[in-house]
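Subject: Structure handover

Hello,

Here is the structure for your work. My notes on it follow below the display.

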Amino acid sequence: MAKKPDSTESRPASAAKTGGGKPVFETKLGRLYRGDCLEVLSAVRESPDVVFADPPFNLGKDYGNGLSDSLKCEQYLRWCERWIAECARLLAPGGAFFLFNLPRWNVELGHYLGCAGLQFRHWIAIDIKYSLPIPGRLYPSHYSLLYYTKGKPRVFDRPRVPIPTCRHCGGDIKDYGGHRSKLNPAGLNLSDVWGDIPPVRHNSTKRRSANELSLKLLRRVLAISSNPGDLVLDPFGGSGTTYIAAEEMGRRWLGVEIGDCDPIILRLQGKDAQLEPKNKGDAGKGMTRLRVPRRASEGLLPF
Ligand SMILES: C[S@@+](CC[C@H](N)C(=O)[O-])C[C@H]1O[C@@H](n2cnc3c(N)ncnc32)[C@H](O)[C@@H]1O
């Protein structure tokens, strides 16, 4: 494994937007900053081994952060170009950059990743229905996960996935052309179409109904592209799924969220059940109302 850079070097300079340059929350493995990722990232001095970015999709959602999520197409693309360039600049040689978005946007954003000096590896289709049928269009049924690297990947572990079976009868779904007995019992090689990622829809379990990703997705991304001790950057914290996966898997992490960070902090503390279920509305609306009377970030450092 390559030698890791010193993890104590990152200190955002913008006091106004990052709470005096201090993280709003820290664990042994990671630090969370509240602020605009463009400002926070410009002051980071570490080189992440993995960037995972799940930005707002510009669909007019309320993320509770006071920002517009319905920019003109050109404005949205220019903004994405800026944070992509910033993340790509920081990325360590051999590092991996994953960008989750709608196909409509990723078809453009891949160009920016290339212009930022990264190499295309995959367009991963994540088979999740996310929209009602649209008149005059095919039914949208996958999200796009772009996977680029800065040069030759330093880490690439291809996980095996269980041989798919019918959930009713337990039998195989495919016949493998009569070669079933020759399949590796450890499972199938992972392809670039992922049909086994569950949507996070159920309101009793989700922290931000419109935007929380499945932990399974983040575990897989980190398993493919990182080793324990590597540094993972996610500039769009949301409910903190990336940071939870990094903690579980012994990866260091760096996080940024411009909106309410309490859902992330409570989740990292294992206290997210304290969120009022009825406040888990569209993309974090009302997420500041908690059963606990004080802000989670006050005096509750966990370790
Ligand atoms: C789609 S969500 C991320 C969800 C996350 N992947 C999860 O699983 O919970 C995008 C997040 O980015 C945040 N955001 C938007 N603009 C930002 C910016 N300029 N800097 C930092 N965070 C930003 C939003 O407030 C929102 O929480």
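Ala85 counts as partly exposed, because 17 other C-beta atoms lie within 10 Å and a buried residue would need 20 or more. Ala85 and Ala116 are 31 residues apart in sequence, while their C-alpha atoms are 5.7 Å apart in space.

Overall make-up

The protein chain has 6 helices and 11 strands. Of its 303 residues, 37% are buried. Among contacts in the protein chain with a separation of 6 or more, 69% are between residues 24 or more positions apart.

Confidence

The average pLDDT of the protein chain is 83, and 79% of the residues score at least 70. Two stretches fall below 50. One is residues 1-20, where the pLDDT is below 50 and the model has 41 contacts beyond near neighbours in sequence. The other is residues 277-303, where pLDDT stays under 50 and the model has 61 contacts beyond four places in sequence. Where pLDDT is low, the predicted coordinates should not be read in detail. As for the named elements, β3 has the highest confidence, with a mean of 99, and β8 the lowest, with a mean of 91.

The sheet

An open sheet is formed by 9 strands, with mixed pairing, in the order β1-β2-β11-β10-β3-β4-β6-β5-β9. The edges are β1 (25-26) and β9 (193-194); each has a single partner strand, so one side of each is left without a neighbour in the sheet. Strands of a sheet pair through backbone hydrogen bonds, either parallel or antiparallel.

Strand β6 (residues 143-149) runs antiparallel to β4 (residues 96-101), and 6 bridges join the two. Across this pair, Leu99 stands opposite Leu146 and Phe98 stands opposite Tyr147. β6 is also antiparallel to β5 (residues 119-126), to which 7 bridges join it. There the bridge partner of His122 is Tyr147. Of the 7 residues of β6, 6 are buried, so the strand is mostly covered.

Which residues have the most contacts inside the largest nonpolar core? They are Val51, Cys87, Phe97, Phe98 and Leu113, in a core of 59 residues. Helix α2 (residues 73-90) gives the most to this core, with 7 residues. Cys87 touches Leu41, Val51, Ala53, Phe97, Leu233 and Pro235, leaving aside residues up to four places away in sequence. Two of those partners, Val51 and Phe97, are on the list of residues with the most contacts inside the core.

Helix α4 (residues 215-225) has as its buried residues Leu217, Leu218, Arg220, Val221, Leu222, Ile224 and Ser225. What covers them includes β3, β4, β10 (231-234) and α5 (241-248).

The ligand

The shell around the ligand holds 22 residues, of which Asp54, Phe236, Gly238, Ser239 and Thr241 come nearest. By class, this shell has 10 nonpolar, 7 polar and 5 charged residues.

Backbone angles to check

Asn58 has a phi of about 60° and is found in the loop between β3 (50-53) and α2. Tyr176 has a phi of about 55° and is placed in the loop between β7 (160-161) and β8 (188-189).

Are these two buried or exposed? Asn58 counts as buried, because it has 21 C-beta neighbours inside 10 Å and the cut-off is 20 or more. Tyr176 is exposed, because 12 other C-beta atoms lie within 10 Å and the limit for that class is 12 or fewer.

Regards

Methods: Residues are numbered from 1 along each chain as its sequence is written. This is a predicted model: local features need pLDDT of at least 70, side-chain atom pairs count only at pLDDT 80 or more; totals for chains, interfaces and linings use all residues. A residue is near a molecule or strand if its C-beta atom, placed from the backbone, lies within 6 Å of it. Ala, Val, Leu, Ile, Met, Phe, Trp, Tyr, Cys and Pro count as nonpolar, Asp, Glu, Lys and Arg as charged, and the others, Gly among them, as polar. Two strands pair if DSSP finds at least two bridges between them. Helices (H or I, at least four residues) and strands (E, at least two) are DSSP runs, numbered from the N terminus. A nonpolar core is a set of buried Ala, Val, Leu, Ile, Met, Phe, Trp, Tyr and Cys residues joined through C-beta atoms within 7 Å. Two residues are in contact if their C-beta atoms, placed from the backbone, lie within 7 Å. pLDDT is the predictor's confidence in each residue, from 0 to 100.
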